[in-house]
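Subject: Structure handover

Hello,

Here is the structure I promised to pass on. Please open it beside this message and read the two together.

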Amino acid sequence: MRVSKEKLKELISNKLHKAGLTEEHAAGVADVLVHADARGVHSHGAMRVEYYAERIAKGGITHNPNFTFEKTGPSSAIFDGDNGVGHVAAKLAMDEAIKMAKENGVAVVGVRRIGHSGALSYFVQQAAEADLIGISLCQSDPMVVPFGGAEPYYGTNPIAFAAPGKDGKHITFDMATTVQAWGKILHARSKNEQIPETWAVDSNGEPTTDPFKVNALLPISGPKGYGLMMMVDVLSGILLGLPFGKNVSSMYHDLTEGRNLGQLHIVINPEFFTNLDTFKEAISQTMQDLNDIKPAPGYNQVYYPGQRSAEREAAYEKDGIEIVDHIYDYLTSDVIHNNAYDHKSPFAK
């Protein structure tokens, strides 16, 4: 099933508004989800709507939150999300970080007490579109075994980065600190497909290719990914005075409660370090240099980070976004939720 970006935004926004969000916040969430789907990251797109709608309807997301923004220094601030939808809070916090970085060169904004905020690439691209460097990282609930361990402690704890080049093109990098994000497991479940055995383990700690038997994910590159997810948890959890590690609330365990998640935006203004045009020229040259590298056997070319997502977005703009049929059926139905997620075990996501 293919639908236009505009139609998909309308369907998602309508569903979330019916679940209880204000029209403004429903549209804000829809914008972030369609961004993910348009770039081919379907694990963070429309497939998440049913979960969001159930949590919204059950009161686990504040319908009309009282957002507050407090500067704690010339280049630092805290945005409190009042357990509203993370997508909207993170976007508004990035807007504030951009203003601060324009004025002072650097901004570090902590986003406290929010729900799941979706694809971090959306927020770092806000910065890149303003001719700034954007970095964003956030914590998530424990579902990853630390290197050498048999029990989960950290979450997938993603990191994203974007930098502006010329002609509106950006380098954009968005990754989970696991071999794959949890959303990829959900996407495999939605299509009833197997997963590579390097992604996750079952309840016995053994590798599994069955997405329905996944009990925990694996960190990327073993101890290196483990170290990165620790860093993310410190910067987006402990630094903001929030629950951390195994204490981060489950995404699915009790949908009537807020999640109190943390996110950190770091924005850097190149003009405080070098000439902006020179910087953007160098980023564009980096893109071209990477494209010009001789590809290894089995590869057609080398892509710069974010290039293939941008190409998918251009293709979807022309032909419509591909949505799994049962997700489209849900979006166009009168159903808000069917208790598909609430009170699942922390790993039965």
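Predicted model: local features only at pLDDT ≥ 70, side-chain atom pairs only at ≥ 80, totals over all residues.

Seven strands make up an open sheet. Their order is β2-β3-β4-β10-β5-β6-β7, and the pairing is mixed. The edges belong to β2 (68–73) and β7 (170–175). Each of these has a single partner strand, so one side of each is left without a neighbour in the sheet. From one strand to the next, the twist averages 15°.

Take one pairing in detail. Strand β3 covers residues 76–84 and strand β4 covers residues 106–114. They run in the parallel sense and pair over six bridges. Look for A77, which stands opposite V109 in β4.

**Helices on the sheet**

Two helices deserve a look here. Helix α5 (residues 121–129) packs on the sheet. It touches β5 (133–138), β6 (159–164), β7 and β10 (261–268). The direction of α5 makes about 20° with that of β6. Helix α7 (residues 223–236) also packs on the sheet, and it touches β5, β6, β7 and β10. The direction of α7 makes about 95° with that of β5.

**The largest pocket**

The largest pocket has a volume of about 1100 Å³. Its lining counts 47 residues. Which of them lie nearest its centre? They are V41, D174, M175, A176 and K184. Several elements contribute to the lining: β7, α6 (182–190), β10 and α9 (307–319) each supply at least two residues. By type, the lining of this pocket divides into 19 nonpolar, 20 polar and eight charged residues.

**The cavity**

The structure holds one cavity of 30 Å³ or more. The volume of the largest cavity is about 30 Å³. Its lining consists of R55, G60, I61, N83, G84, G115, H116, G258 and R259. One of the lining residues is nonpolar, six are polar and two are charged.

**Aromatic pairs**

With ring centres within 6.5 Å as the cut-off, the count comes to six aromatic pairs. One of them joins F67 and F79. This pair is tilted, with 5.3 Å centre to centre and 50° between the planes. F67 lies in the loop between α3 (49–57) and β2, while F79 lies in strand β3. The pair therefore ties together parts that are twelve residues apart in sequence.

**Backbone**

Two residues to check by eye are D82 and D131. Most residues other than glycine have a negative phi. D82 has a positive phi, near 50°, and is not a glycine. It is found in strand β3. D131 is not a glycine either, yet its phi is positive, at about 65°. Where is D131 found? It is in the loop between α5 and β5.

That is the handover.

Best wishes

Notes:
Residues numbered from 1 in each chain as written. Heavy atoms only, no water. Pairing = 2+ DSSP bridges. Helix = DSSP H or I, 4+ residues; strand = E, 2+ residues; numbered from the N terminus. Axes fitted to C-alpha atoms, helices over the stretch in contact; angles between N-to-C directions. Contact = heavy atoms within 4.5 Å. 1 Å grid on protein atoms, 1.4 Å probe; cavity = no way out; pocket = protein on both sides within 12 Å on 5 of 7 lines; lining within 4 Å. Points joined across faces, edges and corners; volume = space filled by probe spheres on them. Nonpolar A, V, L, I, M, F, W, Y, C, P; charged D, E, K, R; others polar. Phe/Tyr/Trp six-rings, centres within 6.5 Å; stacked < 30°, edge-to-face > 60°.
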